[in-house]
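Hello,

Here is the structure I promised to pass on to you. Have a look at it first, and then read on for what turned up inside.

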Amino acid sequence: MLAVKKVLNNNVVIASHPDHEEVVLIGKGLGFGRNPGDEIAGSQAEKFFVLRNETEREQYKQLLTYIDEDFIGLMEEEISGLEEAFSSRLNEHIHVGLTDHLYFAVKRLQEGHGLTNPFLKETELAYPKEYQAATAMAERVGNRLGLRLPEGEIGFITLHIHSALTNRDLSVVNRHTQLVSELVRRIETFLGFELDRQDVNYLRLVRHLHHAIERVETETYTENQDPLLNVLQTEYPLCYNLSWKLMKVMQQRLNKHVPDAEAVYLTLHIQRISGAQPNSIR
């Protein structure tokens with residue numbers, strides 16, 4: 001048997017555990033009528049999670065000192081729903097990171113402060129499933145709290161979800177998203193026009209840039225493309241030269257070698273975009 005330490009809401013309870021110190025139990029009506037010290041069987045919970053990392057366990061306890069317990073309970077329900085939707089166990093840090101982030105986002109909104117997200121479209125294109133889940137979460141949380149979370153906030157929630165799904169540090173996910181946005185701006189400056197965010201070629205470009213960054217980070221290089229490189233250098237010299245400039249930026253930001261083969265794919269993507277525009281390359 002476990003002992004109730006804190007009831008967050010009718011569905012979420014923090015309990016002491018003989019092996020894990022504290023666990024968070026989640027189940028419909030689990031907390032109703034319970035008080036600290038009451039015994040509770042772990043089997044009564046539909047789900048539970050353990051913060052095994054000591055630092056994150058302490059961070060989670062700190063959340064309890066300044067965040068309303070109902071809000072923490074709401075977030076635990078949402079995170080549990082994400083695990084069901086993706087049929088995957090999320091990295092435990094999401095219990096701290098996303099809860100803390102959304103709490104302060106809601107406070108800013110209630111105080112009348114706006115929010116901008118310059119990487120929103122790139123985030124949506126890179127992580128469509130996570131973005132869809134984030135959109136639904138933002139609507140549910142907004143309805144529960146009687147406010148409307150702005151679209152830009154959906155992008156930030158998306159990054160938290162992707163980070164937890166892939167076990168990648170949120171700072172790395174953010175850095176990659178910002179790098180893609182920088183590369184897109186450099187392409188627009190070179191071509192002399194703003195890219196159509198709804199165009200299928202833009203979608204392909206952004207997804208390729210994300211995959212290229214991941215390949216460089218994990219050093220899973222593509223096969224040699226030297227013969228095609230020579231052809232593209234002759235056929236599309238401006239797009240080819242731009243692709244090498246973009247690769248240099250990637251190499252500087254990631255501090256890792258970018259294989260020559262990436263020039264082939266970048267040149268083709270840039271050519272598709274520029275070829276669809278009259279007098280596009282200046």
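α1 (54-66) gives the most to the lining of the largest cavity, with four residues. Helices here are DSSP runs of H or I with at least four residues, strands are runs of E with at least two, and both are numbered from the N terminus. A cavity is a set of points, on a 1 Å grid over the protein atoms alone, where a 1.4 Å probe fits but cannot get out, and lining residues have an atom within 4 Å of a point. The space in the largest cavity is about 90 Å³, a volume being the space filled by probe spheres set on the points, which are joined across faces, edges and corners.

Before you go further, please note that this is a predicted model: local features need pLDDT of at least 70, side-chain atom pairs count only at pLDDT 80 or more, and totals for chains, interfaces and linings use all residues. Residues are numbered from 1 along each chain as its sequence is written, and side-chain values use heavy atoms, with hydrogens and water left out.

Back to the largest cavity: among the residues that line it are Ile14, Phe49, Arg57, Tyr60 and Lys61. By class, this lining has eight nonpolar, no polar and three charged residues. (Ala, Val, Leu, Ile, Met, Phe, Trp, Tyr, Cys and Pro count as nonpolar, Asp, Glu, Lys and Arg as charged, and the others, Gly among them, as polar.)

The second largest cavity holds about 60 Å³ of space. Its largest share of lining, four residues, comes from α2, and the classes are four nonpolar, two polar and four charged.

What about open space? A pocket is an open set with protein on both sides within 12 Å along at least five of seven lines. The largest pocket has a volume of about 190 Å³, and α6 (151-166) supplies three residues, the largest share of its lining. His93, His160, Arg168 and Asp169 are among the residues lining this pocket.

Enjoy exploring!
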